[in-house]
Amino acid sequence: MTLRLLALLLLLVGAAPAPPALPPAAAAAAAPAHDRLDQPWWADRHAAILATIATHPDPQVVLIGDSITNNYDKAILPDENFAPTWARYYAPRRALNLGFSGDTTANVLWRLQHGEVAGLHPKTVVLLIGTNDTGSAGRTAAQTERGIDAVVDDLKRRLPHAGILLMGLLPSAISPAKTATDTAINTYLAKRYATDRRVAYRDIGAVFRRSDGTLNEALFYDPRLPQHGKPLHPDSVGQRMMAEAIEPTLAGLIGR
């Protein structure tokens, strides 16, 4: 090969257009799905849910998420007693709790792909996921957005008649970097789903902030734990306020 030909080939390669960006659906499909079956409690909970949906009266509402949703199984006085909120807002609707502590969008995708909503016909799904992506998993805003989009797309396919109440990531005090990332994700979600008829997006972060915009840490139980964690998980009062904030939207989706 002559130097002139080689130079021409290099020029053509350098001038080649970049591959087109994936459309939203394809980008969502490229999001990872991972299990946590190496953790016995997680495997047991997944198995128990599969057994439950085989006999569970068809739920009107399915709640999907991480520890904040999983917490509805707790009745620990006084800070982690979520039973009254569940009894008021969700039990009458035969709700099903698909929250797994520590889950990321990738874990939720795996669970959906392995039967956790199979055969169900809920009127509404409440989805709150992503804080572990930007926290312990160290994922970027773009990666987390892809994961949330993939979960939403998967739910649309598996539950074609259900409305989806997609919640924005709740505020926390883990770090300024996480707060900035979570804020960027919520901005993206608000725009992405602004005109989606199947999805009602709600950012209720203001519930957890004082009038001056600062985080009301009294609404989180983490600082009162023995290890004095940073505010991330709403306490009994915070969780009730969260349920109250989404109730008008949830009732509207159920009743439509």
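This is a predicted model: local features need pLDDT of at least 70, side-chain atom pairs count only at pLDDT 80 or more; totals for chains, interfaces and linings use all residues.
1. Residues are numbered from 1 along each chain as its sequence is written, and side-chain values use heavy atoms, with hydrogens and water left out.

2. The sheet is open, with five strands in the order 4-1-5-6-7 and parallel pairing (to pair, two strands need at least two DSSP bridges between them; strands are DSSP E runs of at least two residues, helices H or I runs of at least four, both numbered from the N terminus). Strand 4 (96–99) and strand 7 (199–202) are the edges, each pairing on one side only.

3. Strand 6 (residues 163–167) pairs with strand 7 in the parallel sense over four bridges, and methionine 167 stands opposite arginine 202 in strand 7.

4. Helix 10 (residues 236–255) has 20 residues, so at 1.5 Å a residue it should span 28 Å; its end C-alpha atoms are 27 Å apart, which agrees (the expected span is 1.5 Å times one less than the number of residues).

5. Have a look at glutamate 247, though: helix 10 has a kink of about 45 degrees there, shortly before proline 248 (the bend is the angle between axes fitted to the seven residues ending at a residue and the seven starting there). Glu247 is also among the buried residues of helix 10, which include Met242, Ile246 and Leu250 (buried is under 20% relative accessible area, exposed over 50%, partly exposed in between, with a 1.4 Å probe and protein chains only).
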